[in-house]
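Okay, thanks for coming, everyone. Let me put the model up and then walk you through a few parts of it.

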Amino acid sequence: MFAAATEAATEVALKSGWFLENAWVIPIIPALSFFLIIFFGKRMPKKGSEFGVASMVGALVFSAGAAYQWIQRVNGAPEGAFISPVVKTWTWWQNSGVSFGIGQHVDGLTVAILLVVAFISTLVQIYSLEYLRGDRRYTHFFASLTLFSAGMLNMVVAENMIQLILGWEIMGLCSFLLIGHWWEEGANSRAALKAFFTTRTGDIGLLTGTAILFFSANEWTTKTLGVSGFSIRGLSSWALSGNPGNAAITMGAIALFIAAIGKSGQFPLHTWLPDAMAGPTPVSSLLHSSTMVVAGVFLVARVYPVFFKGMDILGSGANFIVIIGGVTIVIAALLAFVQTDIKKVLAYSTVSQLGYMMMGLGAGAWLPAVFHIFTHAFFKACLFLGAGSISHSSSHHSFEMKKDMGGLRKFMPITFVTWIISTLALCGVFPFSGFFSKDEIIDNVGHNGYSVFMYVGLAGAFLTAAYMTRATYLTFFGQPRGASAGEHHEEESHDSHAAHDDHADHGHDTHDSHDAHASHGPHESGWLITAPLIILATLALSSGFLNALPFGEKFENFKKWVEPSAEVINPTGIAYVVGSVGEARIAADAPTDSTLAPDAEVMSDSEPVPVEDSHSTAGAGEATPEMLRSTTAAGEDSHSAEEGHHSSPCGTETPEQGVCAAPQLNHAPFKWSKAGLSMLIVFAGFLLSLLVCIQLYEKKNKKFVGLTERNKVLGFGYKLLVNKYYLDVLYEKIIVRSIAHPIAAAVYWFNQKVLDGVVNGAGTTAKGIAGWVYRNIDQRVVDGAVNGTGSVAQGAGSALRPVQSGKVNQYGALLFGAAAIGALVLVIVNT
Amino acid sequence: MLSTIATAAWSSPTIDYHALAPEMILGAGIVVLLLLDLFLSDSRKWLLTPVASFTLLGAFIPVLTLALSNSGTRQMFDGRYVIDDFSLVMKGMFLLSGYVVVLLAADYIREGDYYQGEFWFLMLSSLMGMVMMASSRDLISIFVALEFLSIPAYMLAAWRKRDSRSNEAGIKYYLLGVFASAIMLYGMSLLYGISNSTKLTEIGASLGSDVTSLRALAVFFVVIGFAFKISAVPFHTWAPDTYQGAPTPVTAFLSVASKAAGFVALVTVVYVGFPGSHAVWQPVFWILSAATMTLGNVMALKQTSIIRMLAYSSIAQGGFILMPLAVAGETGVAESALRAVVTYLIVYAATNLGVFAVVTVVARKTRSGEISSYGGLFSYAPGIATLMTIFMASLAGIPPLGGWFGKFAAFQSLVSAGTTWAYVLAIIGGVNSVVAFGYYGSILREMWMRPVPDGDTSPVPVKSSLAVALGITGIATLLLGVLPGIVIHFGDLAGLAGAFGR
Amino acid sequence: MFVNQFLVLAAVLFCIGVYGVIARKNAVLVLMSIELILNSVNINLLAFSMRNGSLDGHTFALYIIAIAAAEVGVGLAMVLLMYRNRRSIDLDELSEMKG
Amino acid sequence: MEVISNHNWALTVGTFLPLVGVLVMLFIPKAEEVLIKSVAIATAIATLAVGIYTMVQFDFGNAGSMQFVAQHDWISVIKSSYYIGIDGISLPLYLLSMVITVLVMIYSWDHVPSPGNPKAFFILMLILQTGMAGTFIARDLILFFVFFELVLLPMYFMIGVWGGENRQYASLKFFLYTMFGSALMLVAFLALFFKTGAESFSIPFLIEQGMNISRTTQIWIFAGMFVGFAVKVPMFPFHTWLPDAHTQAPTQGSVILAAVLLKLGTYGFVRIAIPVLPEAAKAWAPYIGGLAVIGIIYGSFGCLAQTDMKRLIAFSSVAHMGFVMLGISTLTSFGMNAAMFGMVAHGLITGMLFFVAGSVKERYHTLEIKRISGMLLQMPKLGWILGFCAMASLGLPGLAGFWGEFPAILSAYQPAPGLSVNVFRTYMVIAAIGTVFAAGYLLWMFQRIAFGEPTAEFAAGHGHDEDIHDVNKFEWIAWTPLLIAIVVFGVYPQLMFKVLDPAVGVTLKAFGG
C-alpha cells in the first residue's frame, strides 16, 4: 500500500555524515579509557587522569561533529520534512528466534544531550584535576567519573530500551562508587548505598515498564517497522499508531515514570539526592546536577509518545507527570530555605528545576523542557563548581554557609561573578539562559490549559529567587565567618542533616593534602578551577539565545534542530538505517508483510536508504509545509497554532496511512506581558528575600559588631530597612516566621522523618522480616521437618528395641503370633 | 490297598550324571575332608582349607559346562529334580560365595585352635543342601534340602563352643529354625492333602487360581517357613542375635548363602507351586517386604556394633529383594520380578561378602566390633576404607555401584506392574533406601571424617586370602554396577516364570 | 473313610506343641514340643496318604521322622553345650544379645 | 534431528578422561604431593582441551540439533543404551563444568583445605568432573541417572572431610536430600518408561511418545521428577540443605556446587521433564513459577538475615535459581533462553563469589560480616573483585548476571499459551522487586565488609598482617578467566544466546514456542 511512497522515496535524500553515522563511537571512547585507567592508570605520570580528560575531549569533539552534521541535515532538508533519525544496529542478543540489536538512534534530542554531557564532563574532569589533587584514590575517581560519562552517553545514543537500561544502570553503579568515594566514613558509604538503593527501587518500574511495552508493541513493530518492541522509534510510533490498548500503554508509561521519579529525584523519591552530596563536589556537579539526575527526564523525553498517549497528556485534566512535577517544584524549593549547607541548597534547587522539566513534559511543553535540560546543565554545573571552589580554597572544605562562609566576594571575585551570573540564569532573569527555557515552560504549561500548574511554576520562580538570594547573601556578603575567617575549628555536627557532610569533609581533610590551602585564609582558586567556571558562566549567559523566542523565528534554532516534526510518514522513513540492521527475525517465518519489504531491502544492502519527504505521503502530507511554517511563525497569533495542532493527526487520532514519530504539539506564542509578569515575580523574590536575610542575619550580628560597620556592609538595604521598620517587623515576625520557619520546617520534617523514614524504614523492616523468617520458618519449620523425620526414625528404632528382647520364647511367640494372625485373616477373607 | 502299592511295578529312575556332577563333586569333597581330618596331624590340618576351596571350584566347573552346553532344561525323577538356567545360576552363586567364605574363614579357622575339619565339613554340607535346593521341585526334596542346609548351619553358628554368645546364637537359631520348619511342614502336609501330590507342578495344577481358606492356609504356612530363612519381619528375630554371636565368617555365610537359599526355595515354590494363587501370597509379600525393609532400617540406625548393624542391614536388604515378589503375580511381571530377585541376590552376595571381608580385616587389627573402631580408617588404610566405601555405597544403592542396579531392577518390576499398591511399595522402598543411608553413611562418616579412636595408625595387615576375597568382591561390585548387562543375562530366566503361563 | 478325626487330632497336637514352644522355659521341653508338632504333621500326611491311596505321604513322613531324629540330636547337643557353659538350661538366661 | 559427525569419540573421551587420571593417581604414593597435583591438573586441562576441541568441531549452524551422537548397547535387557550427544543447551554447561574444574584445581594448588591429603581431594574432584560432564551429555534416562548420582559421593566427602565445624551434619543432609529426590525421580523415570510402551529410555524417543500419555498420569510422573530436580536446584522449600552445605563445604566444594551441581537440576527440567511431559509441564508451571518467586523473595530475606558472608552468598543462589526457575516455568523459549543463560551466568558469578569468600576466610579466619571491615584498605584488589562480583550478581547490565535475570523477568509477562497471564504478571512484579532486594543485600554486605576502616581486631599490627595479603598468583590464574567471562558475556551476550536459542526452540517444539 506504500507503493507510491517507496518510489517517491528516491526523490529527496537527507544529508548525513561520518560523525552522525558513527555517533555510537562516542560512548565507546570513555568506556575504553575506563579500562585503560583501571589497568594502567596508577603507572601513568598523571595517575590516569590524562586518559579521562583525553577521552572526554574526544567524546566532545565527536559530539560536536555529530551535532554540526545534524544541523546540516536539518538545514538541508525541505521545510517541514520529517528529519529521520540516524539509526545503526548490530545484533546484540537473540531470543526465541528474534535477534535484538545494539546501536545508535541519533536525532535532535540525542545530539543536544550528547553535547551537553560531553561538554560538562570535560569541564568537570579538568576541574577535578585540581580539586582532587593528592586524593588517595585519585585514579579510582577518574576511572569512575569516566565510566559514568560512558554510561550517560550510551544511554543518550541508545537505540533501544535495553541499551538505555544498560547506560542507566552503569550510571547508578558509578554514582554509588562516586558518592561513596570517601568510604572510610560509614556516613558516606551509607549515602552511597541509599542513592543506589533508591534509584534501584525506581528501576522496578523500568524493568516492568520495558517488559509491558515490549510485549504489547512487539507484534506491531515487527510487522510494520521490522524492529523489536524494544526499539525506541518502534515504541514511539507504536504509541501513536492507535493500536495500543489503553491499559497496556498506561501501565507501561506509569511504570517507566516511576523509574524516572527515582532517578530524577522527583517527589517522593528525592530524598537520596541531598545525601548524595556526600560525594566530592565535582561528582555533585556532574552527576547530581546536570547529567545523571536528568536521565529520568531524558527517558520521558526520549519515548515521549508513550507518555503522551499513556498519560493522556493534553487530554482532559491534570496527569501524573505534571502533578509530580508541580509538587516537586514547591516541596524542593521550600526545603532549600532551611539548608545551611550550600551544596544542599543547590541540590534542592536541582530537584526543583527537575520538577520544572517534568512539569513541562507533563504539560506537553516538550521543547521548553528539553531546552531547560540544556541550559540548566550549564548554570547548575557552574553553581556547584563555584561552591566547590569556595570550599576548596576558602572555607577549609566546609560547605556550611552560616558557619564557615560569608563576605567571600572580596576574596574570590571570579567565583563570585560566575556565581551571580549562574544564579540569575537559574532564577530565569532576562536575558540569562534560564529565562528562555524556564519561562517558556511556565508559559506553555499555561497555554496548554494547565493554568493551576502555571501558577505553581510562578510560585516556584518566586521561591527560587528567594532562596538563591539567601544562599548568595550568606556566602558572599556579610563578613567571613568560621573557616573562611581562618579559624581552625573542630567541626562538630550541629545539624542532623548536615552531619554527613561534616564527616565527609573532615575525612576528606584527614587524607588529602589540602590543609595547606585552607590554612592561609580565603583566596581565589587556581585557573584549573576558575577556567571551567568562566566558561560555564559564559554559557549560562549565552546559551539561551539558541532558542530565544522573543527575538522571532530565526532565533528558534533549538526548536528547529531538536523538535521532531509530527508527520505521517512511510514506515521505512521512520529511520535512516545505516549499515545492516541488527534486529531481524532469524527464524524462517519472517513476516512476509508488504510493509516490511522495503525494510528487508534495507537489511540486505548497506546503502543509505534516502527518506522521502512528507509531500510524497498521501493524505495529511500535502498541507503540512504551510502548516509548519505557520506554526513556527506563530509569533503573533495563537490561532494558527491551534490549527497546527489539528493539522497533523499524530497524537490525536489514528494515522490512516503510515506512522507517526512524534505527537503534534503546539507552542505558546511569546508575549512580553507574560514575560514581564514573571520577571516581576522573580524580582519580588529577590527583594523580599534580601530584606528578610538582612533582618535575620543582621539581628544575629547586632550583638557582636557595631552599627557603623553594619552601615558599611549592608548599605542600601540598611536604609530601606530602617525606613520600613514596621514592614520589617511584619516580614520578620509574621511572614518569615510563618512561611519560612513553620511550613518549610514542617515540610522538611515530613521529608526527613516520613519520606526518609519510609525509605530507611523499608530497609529495616525488610531486615526485620528477613530475620524472623530465617529464624522461625527456615530454621524451624522447613529444616525441622527434615531433621524431624530423622529423629522420628531414630525414635522408632529405640521404640522397637524391646521387640528384640533376646528371649527365645518371645521370639517364638512373635513368630507364631504373626503366623496365626495371618492365617486368621486369610481364613476370614477366603470364606 | 497296601497290596496295590506292594504290587506296583518298580522302575529304577534314569540318572543324568552330568547334571548331578556338582552335587557329586561336593559330596566327594565332603568325604575327602572327613577322611583327611582323621589322618592328618594337627600341624598339617591347614591342608584342609585348600581342599575345601578346590572342592568348591571343582564343583563350579560342571555348572559352567552345563550352562555352556545349552541342552535346555534337564529333568530327573520325572521333574522332581530339575537343572535349568535358574538352578544353574543359583548353584554357581552358592559355590562362588562359598569359595569367598572359605577365603574369609581360612585364617580365622587356622588361628582358632580346634576342629578345622568339622568346620569345612559342615560348611560344605550346608552348601550341598543349597545346591540341591536350587534344583528341587518337590516338597520332599525341598524339605530335605532345607534341613540339609539348615542343620549344619545351626552347628556352625554355635561353633565357638566355649563362647556362651556363640552358644546362644546357635540355640536361638536352632529352636526358631526348627519351629519355623515345623510350621512349614504343617502347611506342606495340607498341600499334599489338597493336591494329592508332593510335586510342585502338580500342586500348582491342582491349586489352580481359585482360593479357599484351606489352600490359603497351606500356602501361607509354607511361605512362612521360607520367610524365616530369609529373616523377613516378623520372622527375623533370630537373625541379629545369631549374626552377632556366630563367628564372623559364619555370619557372612548365613547372611549371604543361607538367605539366598531361602529366596531360591521361596521363588521355586511360588513360581512353580502356587502360580495361580497369587491372590494369597502377593499381599503377604507386600506386607513382609514393607515391614522388613522399614523395621530393618529403623533398627539398624540404632546399632553400635557393626556386626549387629550389618545383621539389620541384611534384613532390610531382604525386604528390598522381596519387593518384586509382591507383584510377581501381575500380568507379565513374573519374568522381570524373577530377574530382579536373581540380580539383586547376586549383587547383594558380592557386596555383602565384601563388607564382611573388610570387617574381618579391620577386626584383626582393632580387635573390636564397634562401629566407632572404624574412626579415621581412611587416614591410615585408605585402600581398605575406599573398598568399604564402595561396598557401603553399593548397599545403599548409589550408582554406579552394583547395588543400584539391584534396586533399579526391583523398582522396575514394581513399576511395570503399575498397580497403585506397587507404586506405594515403590515409594516406601525409595524412602527406605534414603533412611538406609543413615547407617551406611555413619560408617563412611567414621572412616572418613572421624579421628582415630585410640590413635593407633599402624597400617592394617591384609592376609593374602583376604586380599583375594576383597579383590573378587570389589571388582564384582564395580563391574555389576557399571556393566550390569553382563550379569543380567543370568537373570534372564523364562523357564521358571513360564509356569505362570502368561 | 474317616480322615477328619485324624486331622483334628493332628491340629490338637500341633496346638499343644506350639503352646509348649512358646510357654516352656526348659530347653528340653521345647525340643519335645517341637517333636509334637512334627508328629502332628506326620499324622496329617499319613491320613491324607491313606485317603488318596498314594505312597508320597508315607515317604514324606518317613523322611520327616529321620530328619527329626537328626535335628533332635543336634538340638540336644546344643542344650548340653549350654548346660556346660552356664549350668542351666533355662532359655530365659539366653539373652546376652538383644536390642 | 541429529547430526552424526565422525568426532563422536570426543564426548566419550572428554567425559571419561578424568577417570584415567584417577587411575594413574591411584598408583602415586601419597607423599608425592606435587606430582599428584600436577597429574590431576594436567588431566583436567587435557579434558578441557578435548572439550574445546568439541566446541571447535561443534556445528554452530544447527546448534539446535544433537551432535557428536554416539550410541552403543549398555543394558540391553532393560532397553537402556549408552547414548550421548550434545547440542546448544548442553554445550555451554558441558564446557562450564570443565573450565570450573580446571580453575578450582589450580586454586587448590596452594589451598588444599585441612586435613590435607591432596591425593584424595584431587581424585574426588576428577570423579566429580566425570559425573558433571556425563550428566550434560547423556541422552538416555538411565545413563543420565547414573551420572546424576555419580556426583553425590565425591561431594559428600568433599563437604564431610574438608569442610567446616559442622561438616558432618551438612554433608549428610546434602546427601539425604538429594538421594530422596533421586529415588522418586527414578520411580518417575520407570513409570515414564512403561507408560511409553517399555520400549526405550532414550530421551528423543520419550519426547515423541511422552505426549501420548494421559494428562493425569503425566502430572504424577512429573511430580516425581519435580521433586528430584527441585531438590537439586534447589527450589523452595527443598533448599535448606544448600546453606548448610555451602557454608560448611570447602571453597572448592562450594564453587563446584554453586557453579555446576545446582545446574543439574535445572538442566533436568529443561532437558527431560518439560519436553517429555508437555501437558504436565503446563499443569505444573504456575506452581513452579510460584515457588520460584517465593524462592526469590525468600532467598533475599534469608540473605538479609545472615551474619555470615558465605551463608549469605549461599542464600543468594537460592534467589538466583529462583529467577532461573521462573524463566523455565514460563515454558516460552524466551524464558527458557533466559534461564539457560542465567544458569551459566550464575555459575560464573556465584562460583567467583565463593572463591572470594574462601580467600577472605583464609585471610581473616572468619566470615563474620560484623568482624570484617575496611577490606578495601587492606586488600584493595580482593575488595574490588568482591565488589565486581556483587555488582554482577545483582544483575547489573553489562555483566553476565543481567542477561539471566532481566529476560527471565520479561518472559514472565507473557507465559506460554494456556498459562494464566495474570498469575505470571504478578510473578513478574514480585521478581522485579526481588532485584531490588538483591541490590540491597549484596551491596549491604559489600559496604559493611569492604568500606570503612579495618576493625581493631584485624588492624595492622594485631598479628594478622602476615595472613592478610592481597590476591596471590594462583588466585589470579584461577579467577581471571571467570572475571573475563563475566564481562564478555555481559557485554556481548549473543555469544551464548546464539548457541542456546536454536536448541531451546527445538526443546519447546511441543509448546509451539
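**A hairpin, a helix pair and an interface**

Let's start with Trp93(A), which stands opposite Phe100(A) in β2(A). This is a predicted model, where local features need pLDDT of at least 70, side-chain atom pairs count only at pLDDT 80 or more, and totals for chains, interfaces and linings use all residues. Residues are numbered from 1 along each chain as its sequence is written, with chains lettered from A and ligands numbered from 1 in the order in which they are written.

β1(A), residues 86-95, and β2(A), residues 98-106, pair in the antiparallel sense over nine bridges; pairing takes at least two DSSP bridges. Strands here are DSSP E runs of at least two residues, helices H or I runs of at least four, numbered from the N terminus. Two residues sit between the strands, and Ser96(A) takes a positive phi near 45°. Is β1(A) mostly covered or mostly open? Covered: nine of its ten residues are buried, meaning 20 or more other C-beta atoms within 10 Å of their own, with C-beta atoms placed from the backbone.

Over to chain B. The axes of α14(B) (334-366) and α16(B) (382-396) come within 9 Å and cross at roughly 145°. Axes are lines fitted to C-alpha atoms over the stretch in contact, with angles from 0 to 180 degrees between N-to-C directions.

Last, the interface: 22 residues of chain A are in contact with 28 of chain B, contact being backbone-placed C-beta atoms within 7 Å. On the chain A side, α32(A) gives the most, with twelve residues.

Methods
Contact = placed C-beta atoms within 7 Å. Buried ≥ 20, exposed ≤ 12 C-beta atoms within 10 Å, placed from the backbone.
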